[in-house]
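Have the sequence and the 3D view ready as you read.

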Amino acid sequence: MITSRPVDISGRFVGVAVSGHDGWHFKAIDPQVDDLDGARFSSPAEAARVARLLLERERGTQRTPRLQPLS
């Protein structure tokens, strides 16, 4: 029997963790976590943890522009 769990990060549905014979596989729904599509995890919680880290990294690079030193 296949089991799946939605992966929700702060109210944002980003993907699904699907059980398999060799662990849980992540199916990305949100384009910002596409890099995780097909990745294997030990649990749905681990998939959510990594997805959260990826989103936080993306937010950090978008919100904090690098300032160039004055010449």
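**Starting from D30**

Leaving aside its neighbours within four places in sequence, D30 touches R12, F13 and V14, where contact means heavy atoms within 4.5 Å. The model is a predicted one, in which local features need pLDDT of at least 70, side-chain atom pairs count only at pLDDT 80 or more, and totals for chains, interfaces and linings use all residues. Residues are numbered from 1 along each chain as its sequence is written, and side-chain values use heavy atoms, with hydrogens and water left out.

You will find D30 in the loop between β3 (23–28) and β4 (40–41); strands here are DSSP runs of E, at least two residues, numbered from the N terminus. Is D30 buried or exposed? It counts as buried because its relative accessibility is 11%; buried means under 20% relative accessible area and exposed over 50%, with partly exposed in between (1.4 Å probe, protein chains only). The side chain of D30 also makes a polar contact, at 2.8 Å, with the side chain of R12. Such a contact is a pair of N or O atoms within 3.5 Å; within protein, one must be able to donate a hydrogen and the other to accept it, and residues adjacent in sequence count only if both atoms are side-chain atoms.

Now follow R12 into its surroundings. Strand β2 (residues 12–20) runs antiparallel to β1 (residues 4–9), and six bridges join the two; strands pair if DSSP finds at least two bridges between them. Within this pairing, D8 stands opposite F13, and V7 has G15 as its bridge partner. Two residues lie between the strands of this hairpin, where S10 takes a positive phi near 50°.

Stepping back, four strands form an open sheet in the order β1-β2-β3-β4, with antiparallel pairing. Because β1 and β4 stand at the edges with a single partner strand each, one side of each is left without a neighbour in the sheet.
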